[in-house]
Amino acid sequence: MTSKMAMRILTAIVALIFLVSWITKSGSGMSDSSFTNVRDGFLITFAVFLTLSIFSFLYRDNPFYKFAESLYVGISAGYWMCYGFWSTVVGNFVPRASRSLSEFFHVPYQEHADHILIYIPIIFGLILLTRLLPKIGWLSRWSLAFIIGATAGLNLTRYLRSDFISQVSNSFIPLFVDWKGVGSFISHISLAADGQFIAILSNWVIFVGVMCGLVYFFFSKEHKGAFGVASRIGIWILMITFGASFGYTVMGRISLLVGRITFLFGDWLKIL
Amino acid sequence: MGLIISAVVIGGGLLWMLYLSIKGQDVDRRIVYLFVGATVALAIIFRLEFGEVATPIVKSVFDKIENLPAGSKIVLSYDFDPAMAPEVNPMANAFIRHILEKKHRLYFMSLWATGQSLLSVSLNDVLKPEFPDAKYGVDYCNLGYKAGNEGVLNVVITNFRKMFPSDANGNSLDSLPMFKDVESLKDMDLLISVGGGKPGVKEWVLFAGDPGKVATAGGSAAVSTPLLYPYWPRQLIGLLGGTKGAAEYEAELIKTHPRFKDKSMPALRMMGPQTMAHVVIIAFIVIGNVAYFRSRKKGGQS
Amino acid sequence: MKYIILLFLTCLTLCLSQAILAQTASLDPPAEAALVPSEPPAPPSNVRVSDLPNDDGHGIQVKWNLSPDDGAGAKSVISYDIYRADTPDAPDSLWKKVGTAVLGIKSYADKGERDAGSRDYLPKHTNLYYRVYAVGAGVRSAAAAAGPVQATDDWFNDMKVPELVFCVVFLILTVRFINMAKKGADLYVRPLAGIEAIDEAIGRATEMGKPILYVLGIGTAGDIATIASFTVLGRVARKVAEYQTSMIVPCIDPVVMTIAQETVKTGYADAGRPDAYKEDSVYYVTSQQFPYVAAVNGTILREKPATNIYLGYFAAESLLLAETGVLAGSIQIAGTDQVSQLPFFVVACDYTLLGEELYAASAYLGREPLLLGTLKAQDYLKAIVLVCMIALLALRVITGADVIRKPFDMPWW
Amino acid sequence: MKRQIPLVLVFVFGVLLAIQYFVPSEASQRGYEFVLDWITIIGIFAMVLGIWSQIHVGYNKIKHRSEDWQYSVVTLVSMFAMMFFGLSFFGGLHGTIFRLIYNNVFIPIQATIFSLLAFYIASASYRAFRARSAVSTVLLVAALLLMLRVIPTGPLADPINKIGNWMLLVPNLAAKRAILIGVGLGGVATALKIVLGIERSYLGKD
C-alpha cells in the first residue's frame with residue numbers, strides 16, 4: 001500500500017506544481033483579454049505536464065505516461081477520422097457522388113465525372129462492412145481480395161525501375177578513372193578527396209561491395225569457400241554502412257532533445 | 001562556472017560508471033538516460049561552448065574571404081527553404097558578417113523561390129542592424145530570385161543583365177554603382193552557395209564555378225555534405241557541412257574579429273549540447289566495452 | 001500621343017519579358033530602368049513537331065535548330081518560348097504560350113492536361129500548330145509556324161522494355177522452378193538465423209506463458225513490405241495456435257487490421273483451433289506514426305511479451321519500439337526493406353532480416369515447394385545480374401569503350 | 001464461391017494493373033487512376049471498422065473493469081471530443097478548438113516522443129556497440145568515427161571528417177544498391193506469389 005500512498009503524494013505534488021504554473025503563467029500573459037491569458041496559461045502548463053509525463057516513461061511505465069498515451073492516441077484517432085472525413089469523403093468522394101451533398105458541404109460538384117464508376121468502390125466498401133455481421137462476414141474477403149490484388153499488381157512492375165534496373169545500370173562505373181598507366185597512377189597517389197586514387201578506390205569499393213552484397217543475399221548456397229569470403233566482405237560493407245548511418249543520425253536525434261529541453265527551460269521556466 | 005559544475009557532475013558520473021563496470025556490475029539504463037538528459041540540459045542552461053577549431057575544408061573558405069583585397073566581389077546565393085534554414089541560415093549570416101566586415105562587395109541572389117523571404121530576414125535582422133553604414137547598391141545589393149534553376153546560372157555566367165534587368169527592388173543594374181565593372185559571374189572573385197538541395201552547391205560548381213573559372217565555396221545541410229565532398233579541393237575551395245561546419249566558421253569569425261563575440265551565433269550554441277552529448281555517448285561505448293572485456297576475461301578464467 | 005503609346009508599349013514588352021523570364025509576379029521595374037530594346041536575336045530554324053511518344057495522347061514533341069545567336073554575341077538568346085494555336089495563321093492573341101526552354105536546348109515536350117476543363121488542356125486528334133520564339137533581352141523573333149500535328153494515344157511504352165523483359169524472364173524462371181519443385185526436386189536453401197529464431201521464439205513464449213507481439217509496421221496495405229509481412233503473419237499465427245500461446249497484433253491502418261484479422265483467423269483455422277482465435281487480439285490503434293508507437297510501447301511494457309516481431313515498413317519508430325522491447329526483456333526479431341532503418345534494428349534487435357530476407361521469410365517458414373520455387377527464381381536472376389556485371393565490366397576494361405550503359409539507356413533499337 | 005471469387009479478383013486486378021504499367025494510353029491511365037481512387041474510397045469504409053475496433057476493445061475493457069480500464073475511457077472520450085470539435089459547425093479541420101487541441105496537446109507529445117530517440121540512441125550504443133566479433137567491431141568503429149566528427153578533435157578532425165564522409169558516400173552506396181536490388185527482386189516475387197494465388201493465407205480457410 002505504500003506505493004499507492006507514494007503515488008497519491010506524487011500526484012498531489014504534480015497537481016500543485018501544475019496549479020502554481022497555471023496561475024503564474026496566466027498572470028504573465030501578454031494578451032489584453034484575461035480569458036485568453038488564463039487559457040494560454042493552462043495550455044502551456046498542460047503541454048509541459050504532458051512533456052514530462054512522456055519523459056517519465058524513461059524511468060518506468062506509470063499512470064502519468066498512461067494518461068498522456070491514452071490522450072494522445074484518442075486525439076490522434078479523432079484527428080485522423082476528421083481528417084479522413086474532410087479530405088477524402090468531402091474532398092474526394094462527395095463532389096463526384098451527388099449534387100445536393102456537394103452543395104451541402106460547399107464543394108464544387110464535378111459535372112463530367114463518371115458517376116456510375118464511383119459506385120463500384122462503394123459496393124466494395126459496403127461488402128467490407130459485412131465483417132460486422134458474422135453470418136455473411138466472409139463476403140468482406142472480396143474487398144480485401146480487390147485491394148490485395150490491385151496492390152500486388154501495382155508493385156509487380158512499378159518499382160522495378162527504381163529498385164532494380166537503375167540500381168544495376170548505375171553500378172557500371174569505370175574502375176580505372178582517368179587511367180594513364182601504372183607509373184602515372186603511382187606517382188599521383190594521394191589522399192585528396194578529389195584525387196585519382198580515391199576515385200578509383202571508391203569505384204572499386206562500390207563495385208565489389210555491390211557484388212559481395214548480392215552474394216550475401218544468395219539463398220541457394222551455403223556461405224562456404226570463395227562464396228563465404230565474398231559474403232563475408234558483403235556483410236562487412238553492410239556493417240560499415242549501418243554503423244556510419246547510426247553514428248551520423250545521433251546528431252539529429254540530440255537536436256530533437258535540445259528542442260524539448262529548450263521548451264521546458266525557455267518557454268516555460270524562462271531561465272534561458 | 002557552468003563548465004565546472006557540468007564537468008564535475010558528468011565527469012564524476014562517468015568515472016563512477018567506469019568503476020562500476022570494472023567491478024563487473026551492469027549499469028542500469030535509467031542512469032544512461034539520466035546522463036543524456038542532464039548533459040543536454042546542463043549544456044543548454046550554462047550555454048556551454050567548446051573551442052571549435054575550423055577544419056581545413058572550412059578554414060579555406062574563411063581564409064579566402066579574409067585574404068581577398070577589400071572591395072572584392074562576392075556572390076552569396078540563398079538556395080534553401082525554411083525546413084533547411086535552422087541548419088544553413090547560420091552559415092549565411094556568418095558569411096554576411098565576414099564579407100561586410102572585410103569591406104567586400106556582396107551580391108545576394110537566390111535560385112530557390114523560398115530563399116527570397118529568408119534572404120530578406122537576414123537583411124533585416126543581421127545586415128541592416130549590424131552594418132548600418134553599408135550602402136545599398138555600393139556595398140551590397142539583392143538580385144532576388146529567378147526561376148530556371150541552373151539555367152539561370154547558364155545565362156549569368158555570360159551576362160548578368162540578361163537574366164536580371166533589375167534587382168529585387170526594381171532598380172536597373174546600371175543604376176547600381178557596384179555593377180559598373182560587372183558584366184557576368186566571371187567578374188566575381190568568389191561565389192558562395194548556401195543550400196542543401198537541387199539546385200545548390202553542386203549546380204553552382206558545375207554551371208558557374210567550373211565554366212567561369214571562378215572560385216566557388218558552399219554551405220550545405222548535413223544530409224548532402226558527403227555528396228559534395230568529392231568536389232573539394234579542386235572544384236570547391238571549401239565547404240561548410242551542417243551545423244558543425246557553421247559552428248566552426250562562427251568560431252573562426254569570433255577569433256579573428258572579436259567584435260562579433262556578443263552577436264548571436266546559433267550554430268555555436270547548438271554545438272554545445274551536441275558535443276557534450278556525443279562525448280557522453282562515446283564514453284558509454286568505451287565503458288560498455290571495458291565492462292565487456294572485463295566480463296570475458298573473468299569468464300575465461302573460471 | 002505617339003510617344004505615349006510607344007512608351008506604353010515599351011513598358012508592356014518589358015513587363016511581359018520580365019514576367020516570362022522570371023515567372024514571378026509584380027517586379028515592376030520603374031521607368032528609368034527601361035533598357036533600350038536591342039536588336040532581336042535571329043530566330044530558331046527548322047521547327048519540327050510530332051506526337052509525343054509513350055504518352056496518353058495529350059502531348060506534342062517540338063524540336064528546333066538553335067538560333068545562330070544562341071550562346072554568343074551581344075544579341076544572344078536567353079530562352080526559347082513555345083506557342084501553340086489551332087491554325088497556322090491565327091492572330092497573335094490566339095497563340096497560347098505553352099512553355100519555355102533555356103538557351104542551348106533544342107526540344108520541348110508539350111505535355112498537356114487530359115481534362116477539357118483544365119487550363120493546360122491539349123486536345124487529342126486535333127490539328128495543332130507550333131511557333132518557337134528566340135527571346136533576347138526584351139525582344140524576340142519567331143520561326144515559321146510548324147504543323148499540323150495531332151496528338152495520339154500510344155498502346156505500349158517502349159521505354160519500359162527492360163521491365164517487360166525482366167518480368168517475362170522472372171515468370172519463366174518461377175514457373176520452371178515451381179514445376180521442378182512439384183516433381184519433387186530437392187531445392188536447397190541455406191538456413192537464415194532470423195527465421196529459425198521465429199520458431200524458437202514461439203516455443204519460448206509458450207514456456208513463459210507470455211504473448212507474442214507482432215507489429216506489421218506503419219505501412220498501408222499498399223506497401224509490398226506490409227504484404228510480405230501478412231504472409232509471415234499467417235505462418236506465425238498458425239504456429240502460435242499450434243503451441244496454444246497467444247498473440248497481440250496492433251495495427252496502424254484499418255485496412256491492414258482487417259487483412260491481419262483474416263490472416264490470423266486463417267492461421268488458427270489451419271492449426272485446427274479456430275475457436276482459440278480472439279477478435280480483439282488484432283486491433284486498430286490509430287493511423288499516425290507516433291501515437292501508434294506510444295501505444296505499442298505501452299503495450300510492450302505492460303504485457304511484457306516473450307517475443308516481439310517487427311516486420312514490414314518502418315520509419316523513425318524502429319528504435320523507439322526496439323529499445324522498449326529490450327527494456328521489457330523480449331526476444332526481438334525485426335525485418336524491413338527500409339535501408340535507413342536497418343541500422344537501428346541491427347543494433348537493438350536479436351535478429352534482423354535485411355531487405356530481401358523479409359520477402360523470403362514466408363517461403364522459409366512455409367517450406368512449400370511452390371514458395372521455394374520463387375526463391376530459386378530470385379537467386380537465378382541475381383546470378384544473372386552478377387555474371388552480366390562482371391562480363392560487361394571486363395569488356396569495358398578490355399575495349400576501353402563505354403558500351404555498358406547503352407542497354408539501359410532507352411530507346412535502343 | 002467463398003474462395004474462388006476472391007482468388008479470381010486478385011488475379012484479374014493484379015494482372016490488369018501489372019500490364020497497365022506498360023500501356024500509356026488514355027483509357028489505361030484513367031483506369032489506373034480509378035483503381036487508386038477506389039482503394040481510397042474503400043479505405044473510408046475501412047475507417048468505420050477501425051473506429052469499431054477501437055470502441056469494441058475499449059468498451060470491453062471498461063465493461064470487464066480489466067486492468068487500466070480508466071485509460072480506455074480517456075482514449076474514447078478524447079477521440080469523440082476531437083471528432084466532435086472537428087464537425088463543420090466548429091469549422092472542420094480549421095476550427096479554433098480543434099487547432100488549439102492539436103497544437104497544444106498533440107504537437108508537444110509528438111515532439112517529446114520523437115525526442116525519446118535521443119535517449120534510446122544512447123542506451124542502444126551503450127549496450128550494443130561491443131567488440132564481440134570482427135563484424136560487430138566494424139559496426140562499432142564506423143559508428144564511433146561518425147560520432148567523433150562532431151567533437152572538436154584538433155588535428156584529427158580533418159582525417160576523421162574525410163573518412164566519415166567517404167563512408168557515408170561510398171560503402172553506403174554499395175550497401176544500399178545491394179539491398180535495393182534484392183528488395184526489387186523480392187518485391188516482385190512477393191507480388192507474383194500473391195497474383196498467382198500461391199500465397200493466399202489472408203483469404204480465409206473455408
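Colleague: Which elements are included in what covers the buried residues of α5(A)?
Modeller: In this predicted model, helix α5 (residues 119-129) of chain A has P121(A), I122(A), F124(A), G125(A), I127(A) and L128(A) buried. Buried means under 20% relative accessible area, exposed over 50% and partly exposed in between (1.4 Å probe, protein chains only); helices (H or I, at least four residues) and strands (E, at least two) are DSSP runs numbered from the N terminus. Counting contact as heavy atoms within 4.5 Å, the cover includes α3 (63-97) and α6 (140-158) of chain A, α5 (254-270) of chain C, and α1 and α2 (26-63) of chain D.

Colleague: What pLDDT do local features need?
Modeller: Residues are numbered from 1 along each chain as its sequence is written, chains are lettered from A and ligands numbered from 1 in the order written, and side-chain values use heavy atoms, with hydrogens and water left out. As this is a predicted model, side-chain atom pairs count only at pLDDT 80 or more, totals for chains, interfaces and linings use all residues, and local features need pLDDT of at least 70.

Colleague: How far apart are the closest N and O atoms of E26(D) and R30(D)?
Modeller: Both residues lie in helix α2 of chain D, 4 residues apart, about one turn of the helix. E26(D) is buried at 13% relative accessibility, while R30(D) is partly exposed at 29%. Their salt bridge has its closest N and O atoms apart by 3.2 Å.

Colleague: Which helix supplies the largest share of the nonpolar patch?
Modeller: Patches use residues with over 30% relative accessible area and no salt bridge, joining like charges within 9 Å and nonpolar side chains (Val, Leu, Ile, Met, Phe, Trp, Tyr) within 5 Å. This patch comprises L171(C), V175(C), V8(D), F11(D), V12(D), L16(D) and L196(D), with about 570 Å² of accessible area together, by the Shrake-Rupley method with a 1.4 Å probe and only the protein chains shown as cover for residues. At least two residues each come from α2 (161-182) of chain C and α1 (4-20) of chain D. The largest share, 4 residues, comes from α1(D).

Colleague: Which strands stand at the edges of the open sheet in chain C?
Modeller: The parallel sheet runs in the order β11-β10-β9-β12-β13-β14, where two strands pair if DSSP finds at least two bridges between them. Two strands have a single partner each, so one side of each is left without a neighbour in the sheet: β11 (282-284) and β14 (351-354).

Colleague: How many of the residues of β10(C) are buried?
Modeller: M247(C), V249(C) and C251(C) point one way from the strand and I248(C) and P250(C) the other way, all buried. M247(C) stands opposite I212(C). The buried count for β10(C) is 5 of 5.

Notes: Salt bridge = Lys/Arg side-chain N within 4 Å of Asp/Glu carboxyl O.
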